[in-house]
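Visitor: I would like to learn how to read the features of a model like this one, step by step. Could we look at it together?

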Amino acid sequence: GVKVDSASTLQFDGGSIETKALDGNGSLSAFGVWVAGGSLATLDSTAVKTAGAYAYGLFSTYAPTVAAASIDATNTSVETSGSNAHGVYAHSKSAINFNLGNIRTSGNGAAGARAEAGGVLYMGQGAITTLGSNAAGLMATANAWGAKATAVANNVDIVTHGDVSAGAAAFQQGSTVALTGGSVESHGKKSQRMSAEATPTVYAG
């Protein structure tokens with residue numbers, strides 16, 4: 001995959017990025033695009049595809065001694081096939097803006113778009129599809145140390161097919177999921193259109 005670190009900048013227009021974990025254990029090199037260390041990656045009209053456990057499609061994260069990392073993606077498609085291989089994942093005070101794109105995951109535990117532990121995720125005009133069990137479409141989860149998380153979707157169509165796979169889900173106090181326009185469908189057993197646990201906040205407009 002592609003890693004952007006140490007306050008670097010990447011512009012990736014068109015083309016495709018495809019990875020496959022050789023050991024099946026979530027090798028870091030199997031991430032599609034991984035941004036850290038105060039860096040910025042900008043993607044336009046790019047196809048990202050990963051295979052393997054924990055092989056995230058787009059992943060932004062943060063280290064305590066540097067600025068937060070971010071990803072801006074437009075007209076981009078993300079497809080993952082592996083357990084816990086989230087499609088778009090903003091973690092630890094980092095941010096992802098994902099516009100006019102599609103996300104599809106097929107593994108168990110693989111959320112379509114996830115913000116966690118201070119991460120902020122925005123998605124505008126697109127679609128999220130998840131096929132595995134325990135695979136929420138749009139998800140935000142805070143952590144036990146109070147790091148909030150926010151996931152926002154405007155005019156996004158979300159469909160989940162697996163069991164126990166909410167369309168939109170928020171976990172832990174301090175996490176927020178906000179939906180405006182679009183649609184949410186959940187087809188699996190014990191799958192709700194929207195789910196909230198441990199006093200988070202869910203908005204639907």
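Visitor: Which residue in β16 is the bridge partner of isoleucine 128?

Guide: Before I answer, please note that this is a predicted model, in which local features need pLDDT of at least 70 and side-chain atom pairs count only at pLDDT 80 or more, while totals for chains, interfaces and linings use all residues. Residues are numbered from 1 along each chain as its sequence is written, and side-chain values use heavy atoms, with hydrogens and water left out. Strands are DSSP runs of E with at least two residues, numbered from the N terminus, and two strands pair if DSSP finds at least two bridges between them. Here the partner of isoleucine 128 in β16 is isoleucine 158, and strand β14 (residues 120-130) pairs with strand β16 (residues 149-160) in the parallel sense over 10 bridges.

Visitor: Which residue stands opposite isoleucine 158 in β19?

Guide: Isoleucine 158 stands opposite valine 184 there, and β16 pairs with strand β19 (residues 183-186) over four bridges, again in the parallel sense. β16 is also joined to strand β18 (residues 175-180) by six bridges, and these two run parallel; in that pairing threonine 150 faces threonine 176.

Visitor: Is threonine 141 buried or exposed?

Guide: A residue is called buried under 20% relative accessible area, exposed over 50% and partly exposed in between, using a 1.4 Å probe and protein chains only. Threonine 141, which belongs to strand β15 (residues 138-141), is counted as buried because its relative accessible area is 9%. If contact means heavy atoms within 4.5 Å, then, leaving aside neighbours within four places in sequence, threonine 141 has contacts that include Arg114, Glu116, Phe171 and Ser175.

Visitor: And how does lysine 20 read, buried or exposed?

Guide: Lysine 20, in strand β3 (residues 16-20), is exposed, since its relative accessible area is 65%. Leaving aside neighbours within four places in sequence, lysine 20 is in contact with Ala30 and Ala51. Lysine 20 and glycine 82 are 62 residues apart in sequence, yet their C-alpha atoms are 9.6 Å apart in space.

Visitor: Which residues lie nearest the centre of the largest pocket?

Guide: On a 1 Å grid over the protein atoms alone, a pocket is an open set of points where a 1.4 Å probe fits, with protein on both sides within 12 Å along at least five of seven lines, and lining residues have an atom within 4 Å of a point. The largest pocket is lined by 19 residues, and Asn134, Ala136, Val164, Ala166 and Phe171 lie nearest its centre. The elements giving two or more residues to this lining are β17 (168-171) and β20 (194-197).
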